[in-house]
Amino acid sequence: CAKPTASVWPVVSVTIDKLLLETWRESRIVTSELTDIKGVIKQEGSVRSAKQINLKSKSLTANLDWDWDVASQRSSLFVKARAEQAVDLTRIVGIDSAISSGSIELTSLQSWPGGLDCYDSRLLSGSLDLRAADGVLSEASPGGFSRLIGLLSFDAFTRRLKIGLGDVVNQGLAFDKILLKSRLNKGSLE
């Protein structure tokens with residue numbers, strides 16, 4: 001991690017019309033297009049921040065606020081994102097094959113030691129809440145976890161008795177709603 005300079009950040013308003021994010025995943029390049037990015041970068045006292053960062057794509061809207069307290073050497077990031085098509089959000093965070101359809105909402109408050117350059121998922125603390133609706137958990141999900149969840153869900157199991165087990169053995173597990181409320185503790189979900 002870089003040591004912070006003694007300089008004071010000016011107030012800067014940022015507007016980006018179009019940003020292409022390209023990441024290399026599983027022997028292929030995945031591109032996400034974000035539009036209408038806006039935000040304010042500033043410093044108040046020992047806290048450097050990027051506030052009211054708004055991102056958009058085809059069906060995604062996201063709001064982010066980041067603070068870095070230089071005195072305590074601690075960063076915090078608040079994220080609230082919603083996508084009408086789950087893949088628009090899951091592609092950006094690197095799990096584009098986990099949920100293949102449906103809508104998704106993500107709210108997270110994370111903190112870690114240092115600035116943005118020190119971000120390390122193994123050091124995160126905070127919360128992570130996820131709500132997904134009317135989608136399909138892909139069979140590509142790690143370890144067939146989605147299949148196990150579906151079999152253990154009594155409500156889903158009774159529906160399967162009526163309509164068959166096709167979603168467990170074929171293209172993934174259909175779901176009406178998934179709610180996840182979790183804590184982050186040194187990078188582990190609890």
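Strands are DSSP runs of E with at least two residues, numbered from the N terminus. This is a predicted model, where local features need pLDDT of at least 70, side-chain atom pairs count only at pLDDT 80 or more, and totals for chains, interfaces and linings use all residues. Residues are numbered from 1 along each chain as its sequence is written, and side-chain values use heavy atoms, with hydrogens and water left out.

**The pocket**

A pocket is an open set of points on a 1 Å grid over the protein atoms alone, where a 1.4 Å probe fits, with protein on both sides within 12 Å along at least five of seven lines. Lining residues have an atom within 4 Å of a point. The second largest pocket holds about 210 Å³ of space. Its lining includes I41, W66, Q110 and Y119. Strand 3 (47-56) and strand 4 (60-69) each supply at least two lining residues. Strand 4 gives the most, with three. By type, the lining has eight nonpolar residues, one polar and one charged. Asp, Glu, Lys and Arg count as charged.

**The disulfide**

A disulfide is a pair of cysteine sulfur atoms within 2.5 Å. The structure holds one. C1 is joined to C118, S to S 1.9 Å. C1 lies in the segment before strand 1 (12-25) and C118 in the loop between strand 6 (99-113) and strand 7 (125-138), so the pair ties together parts 117 residues apart in sequence.

Buried means under 20% relative accessible area and exposed over 50% (1.4 Å probe, protein chains only).

| Cysteine | Relative accessible area | Class |
|---|---|---|
| C1 | 74% | C1: exposed |
| C118 | 8% | C118: buried |

How values were computed:
Grid points are joined across faces, edges and corners, and a volume is the space filled by probe spheres set on the points. Helices (H or I, at least four residues) and strands (E, at least two) are DSSP runs, numbered from the N terminus.
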